[in-house]
Amino acid sequence: MSPRAEEPRQQDRSPRSGPPLHVAIIGAGIGGLALAQGLEQAGVSVAVYERDVSPDFRRQGYRVTLHPPGARQLRRCLSPAHWERILAASQKWKAPRAVNERLETLLSVPTAKMREPSRSINRLTLRRILLDGLEDVVHFGKAFERYEETPGGTVIVHFKDGTSAPCDVMIGADGNQSRVRRQLLPQHAELSDTGYRDLAGKMILTPETRREIESLGLESLMIVSETAGHTMVLIRQEFHHPAAGEASALPAEDTEDYVYWGLIAPAGHFASATNLERPDAAALKQRALEMTRDWHPVFRRLLELTDPANINLLSLRTSVPHGHWGTRRVTLLGDAIHSMVPMRGQGANTAIRDAALLTERLTAAHRDGTSVTEALHAYEVEMLEYGFDAVRASLSTLHQSMAGTRFTRSLFHGALKAVNRTVLVVARFIPDPRVQGE
């Protein structure tokens, strides 16, 4: 998008010159809610339908990393008050590091040299903030069943409870198992299994566990590249804790500090600890300890301190890029169209970019009375390009991180160390942007 499009969007309350526009969004995830906020700010009528019976019905993941472009796009969708709450509830990334299983640094970026660091925010916290102000817009307990397009251009949304609702435009933002995509694009409904699994855990940070893992040196993000071929991602998530007498802006359950870890390996490495009905979390934890038996003790201690109740095994699946399908009054957003593996942390950021772009296109059609179909077509053409670029890049990063023999990975680690030494020397001569007043 153009530099101008990345500036914070001003609220547009100009009167409609065309017919009223009503948008139905299927799914109250991050992308769907960002879109709803953007349309609300622009005065476009919107309704969000979510299958869950309440916002807290299920714990949706751990945390979201807002990279600088994603943060700018999200800001465009929100009121200043919402954005300030996100800044208060998120933390700036400090120096990210890549290490090997012996905790030897392979590559690091000095915090002072990060001109615009990424921000990390608890996924549930972000969702709560995005829901604020949409109480009359979001309808829970409304599981999507199918849609119907009428000759007059109206879309009828049918729900499993037997009810229905009309709209002018319907947006499928219902995740990687999207039922909207299954009806709209049946030939592209299935995701491709990469053959890898992500064993994800959350270790709660207490005074005791902090002391136990102090030697890890984890400030924000750490990637562990094992010589034998496994990869682990570690992220430290902490919250602003109010002083005595100060009210917290967040619910108590959103303020529990933790370390997220994800151990990525081929699916076969976890076969002995899983079954098709229900993975055994305790067995998965034991398998993770077996796979890391030769790692630095602090990594193993991190695993030992993780409650099995906070461990999940995730299949790494990805969309298969495809061409445009022909614009209708139904379209897709986020994982519903370009689901990707998490290796580059781009899934949520790309969904937010979709929301900002779709807000811009639909707002223009609403304000000017221009063709909604043309607005959706322009969105789809642009979204498919950058969305599937992100899918390909994420999958490539996954394959690269897992590829190579022990010998070639050792050579690669040596090369990273050499690059890191050069980076540290060069960094000494780069002015600290904070000193320059940026």
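Helices here are DSSP runs of H or I at least four residues long, numbered from the N terminus. With that in hand, here's a quick look at this predicted model. Its protein chain comes to twelve helices and 18 strands, and 49% of its 438 residues count as buried.

**The chain overall**
- Take the contacts between residues at least 6 apart in sequence: 74% of them join residues at least 24 apart.

**How α1 and α4 meet**
- Two packed helices are described by the angle between their axes and the distance between the axes.
- For helix α1 (residues 30-41) and helix α4 (residues 123-131), the axes come within 9 Å and cross at roughly 25°.
- Angles under 35 degrees count as roughly parallel, so α1 and α4 are roughly parallel to each other.
- The crossing of this pair, α1 and α4, is left-handed.
- On the α1 side, the contact is made by Ile30, Leu33, Ala34 and Gln37.
- α4 brings Arg123, Leu126, Arg127, Ile129, Leu130 and Leu131 to that contact.
- Sorted by class, the contact of α1 with α4 has seven nonpolar residues, one polar and two charged.

**Cysteines and disulfides**
- A disulfide is a covalent bond between the sulfur atoms of two cysteines.
- Search the whole structure and you'll find zero disulfides.
- Cys77 has 1% relative accessibility, so Cys77 counts as buried.
- Cys167 also counts as buried, because its relative accessibility is 3%.

Terms used
Residues numbered from 1 in each chain as written. Predicted model: local features only at pLDDT ≥ 70, side-chain atom pairs only at ≥ 80, totals over all residues. Heavy atoms only, no water. Axes fitted to C-alpha atoms, helices over the stretch in contact; angles between N-to-C directions. Helix = DSSP H or I, 4+ residues; strand = E, 2+ residues; numbered from the N terminus. Parallel < 35°, antiparallel > 145°, perpendicular 65-115°, else oblique. Left-handed = near helix turned anticlockwise from the far one by under 90°. Contact = heavy atoms within 4.5 Å. Nonpolar A, V, L, I, M, F, W, Y, C, P; charged D, E, K, R; others polar. Disulfide = S-S within 2.5 Å. Buried < 20%, exposed > 50% of the residue type's maximum accessible area, 1.4 Å probe, protein only.
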